[in-house]
Amino acid sequence: YMESNDYSPVAAQIPVGSEEHRLATAVDQIWQHKVTKKVLVVELKKQETDTYRVFLGRMSRPFQGRVDSAHNQHQLQLAVSVWLLHKTFAVSVQHAWIVRVHKRGVTRYSLTDWAAASIESVMSIIMQRNAAKIELPYK
């Protein structure tokens, strides 16, 4: 799918993090377009059910206006991964996708504007939660 759309693999499972935020993860995949050289981050998900966008309630503040669904949770996860990749390696990402693999095939979801614009709120929440936790005896 990726190569047929002119993307070449760059790296997979890239560790990224922010010591300040006490947060780390691994970016699933980084691709680069063969012609434009634009960087694409991919978050892979395997979800077999038809409940990917199903209403599970409302998200917590400050996202209480959003449906709590696997799709919206993955959107925020993707936004954080892109932010951490930039913070760790100063990589400029032009595209970010969730690629969901399921029995019927593959579905691609681009990073939504609302999730990309929410990164400051997400990181603020993480900082508040970290401040409330007990300091570990090691660094």
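I count a contact when heavy atoms lie within 4.5 Å. The model is predicted, so I take local features at pLDDT of at least 70 and side-chain atom pairs at pLDDT 80 or more, while totals for chains, interfaces and linings use all residues. Residues are numbered from 1 along each chain as its sequence is written, and side-chain values use heavy atoms, without hydrogens and water.

**Loop residue.** I looked up R53 and set aside its neighbours within four places in sequence; R53 then contacts S69, H71 and Y109. R53 sits in the loop between strand 3 (39–46) and helix 1. Helices (H or I, at least four residues) and strands (E, at least two) are DSSP runs, numbered from the N terminus. Is R53 buried or exposed? R53 is exposed, at 54% relative accessible area. Buried means under 20%, exposed over 50%, partly exposed in between (1.4 Å probe, protein chains only).

**Helix pair.** I checked helix 1 (residues 70–89) against helix 3 (residues 119–132): their axes come within 10 Å and cross at roughly 85 degrees. Axes are lines fitted to C-alpha atoms, for helices over the stretch in contact, with angles from 0 to 180 degrees between N-to-C directions. The two helices are therefore roughly perpendicular (65 to 115 degrees). L76, A79, V80 and W83 of helix 1 meet I119, V122 and M123 of helix 3.

**Strand residue.** I found V101 in strand 4 (residues 95–102). V101 is partly exposed, at 38% relative accessible area.

Notes. Angles under 35 degrees count as roughly parallel, over 145 as roughly antiparallel, 65 to 115 as roughly perpendicular and the rest as oblique.
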